[in-house]
Amino acid sequence: MKVTVRRKLDLKQLILLLVSAGIVLSVFSALMASYRVHERAFIKDTLASNQAYAEKLAEVTELFLESLNSQLRVSAGHIANHFEDRDAIDAELARLLAQTNSFDSLVVINAQRKVISAQPSSLELTGHTLDSSLAIPIELKAPYILDPFVSPAGNLMVSPTFPIFASDGAYLGFIAGGIYLQGDTILNQLLGTHHVSEHSYVYVIDKDKRLIYHKDNQRVGERIVGNLAVNKVLKGESGAAEALNSQDVNMLAGFAPVSSTGWGIVSQRSLSSIVAELDVTHKNVLYSTLPFALAILCVTLIAGFVIARPLAQLAQNVSSLSPGNLRCIDQTPAWFFEAENLKSAILNSSELLGQEIKELEQDRKMDPLTKLNNRFAMQLWLDNVKTMQYQFSVLALDVDHFKSINDEFGHAVGDDVLCALAGVMKKNARCHDFVCRSGGEEFLVFMPFVDEKRAYSIAERLRIAISEQPMSIPRQVTVSIGIASWVVNRQSIKETLEMADRALYQAKRSGRNRTCRAQVHCDAANNDVAQHAV
């Protein structure tokens, strides 16, 4: 009878195999955990960034439309005084068209829907009668922005209008400014100037789900259906979500409505670009890790020639190592230098990896510019408040005229101003206060166990400290502050934040550089300071 003897691994090979498997599995599980954490962080940050950008762009668009309305108001007043003078109307339209690049064309239409003047004169629209579908401004006799339509000259456009009234109040007609939606137009320049990143892009839809702006000019006028972000933003919602676009590509979209027109602005980035960027990052991490892993294997092989048993036991423990459980490695007997070195290297590597993951979690809670807490950290803090059920007051701060600072001195200087303000807030905050940047030039300060009256005093002291803080620009920087207090079982935390926000906007409407309490009249910035100061 022939006995077949199978060749078995010797002890040195077995040690090398087990240690190699253990290190590979440990590195792989650590990389996979790091990859998942980074992926979630990238997606959350991208959604938040796209939402913030869409909201800011919606705000800019509102300001642009308000500017158009103001320009038309001035011209409407002038035309009302010379409504029977065709030359005077032509001259006013020509002046407005030459003075600003906001409009591509201008027309004046009387109450009978007849065009009595148009600029530029090459349009040849004078004497034409307006289509009844575009006569809403005559019915409303109020400022109105017409839905996108094709003009008699064949251009897809939107048109803000403003009514013209005689001195005795009689309705005469309206003036309309045309803004083309295709080509190199003022609206396209406004919406296409900035992007969140090179992989992100913006599009704008009207209330009938038609594209009125897109980076692909040929798609302007196309109707979008079945898009989650589009459906939400046209309901007046602002937020962020993963959604399939019209090409069935999974996108990370942030959206915000333009309330005055019913438009929706969507800023989005494809999920595949996030994954591709993450893959490149982790490939670099892997390439950087390989030399160290190979070095550890070589040391393990050399040590295996000297003493086998401790290393075999160490290899066995490494092969069964689970993330976060280093106890079995620490308890492995290693009474000689090589085994102790290898054990220390594994423990240190795992500890460093855990520290990196911990630092990554900390970075997720911090605003990278001001080093204050961000909205993610704020939500964690509020969740703790709900659990502990203790009263707090919140200050909602907004920098006055911050857009003008960016426009006049540049965004880098604007960032310096935000950092300086963050420093003042941290300096004036108590050790248990929670200070965060909620977005743009807006900040929130949560003060546990502080009632509304005391919060007002603290807010006034903070507002004065900010106004007196030297800045890197030759002008005073001020803030407006809204105050609200949350008392357990009185209202929800969400309602409290909304009350603080409304109080903030009341402070803005009341002249800025002042503090307002929720549901309480606003006190002037410089009146009764001594009475309320701490």
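This note covers the salt bridges and one surface patch of the structure.

1. The model is predicted, so local features need pLDDT of at least 70, side-chain atom pairs count only at pLDDT 80 or more, and totals for chains, interfaces and linings use all residues. Residues are numbered from 1 along each chain as its sequence is written, and side-chain values use heavy atoms, with hydrogens and water left out.

2. The whole structure holds 15 salt bridges (a side-chain nitrogen of Lys or Arg within 4 Å of a carboxyl oxygen of Asp or Glu). Side chains of opposite charge can pair when their charged atoms come close.

3. Glu 59 and Lys 56 form a salt bridge at 3.4 Å, N to O. Both lie in helix 1 (residues 11-80), three residues apart, about one turn of the helix. Helices are DSSP runs (H or I, at least four residues), and strands are runs of E (at least two), numbered from the N terminus. Lys 56, Glu 59 and Glu 441 are linked in a network of salt bridges.

4. In helix 2 (residues 86-99), Arg 86 and Asp 90 are four residues apart, and their side chains meet in a salt bridge of 2.9 Å, N to O. Asp 90 counts as buried because its relative accessibility is 16%; buried means under 20% relative accessible area, exposed over 50%, and partly exposed in between (1.4 Å probe, protein chains only). Arg 86, at 40%, counts as partly exposed.

5. Arg 475 forms a salt bridge with Glu 408, with the closest N and O atoms 3.4 Å apart. Arg 475 lies in the loop between helix 13 (452-467) and strand 14 (479-486) and Glu 408 in helix 11 (residues 402-409), so the pair ties together parts that are 67 residues apart in sequence.
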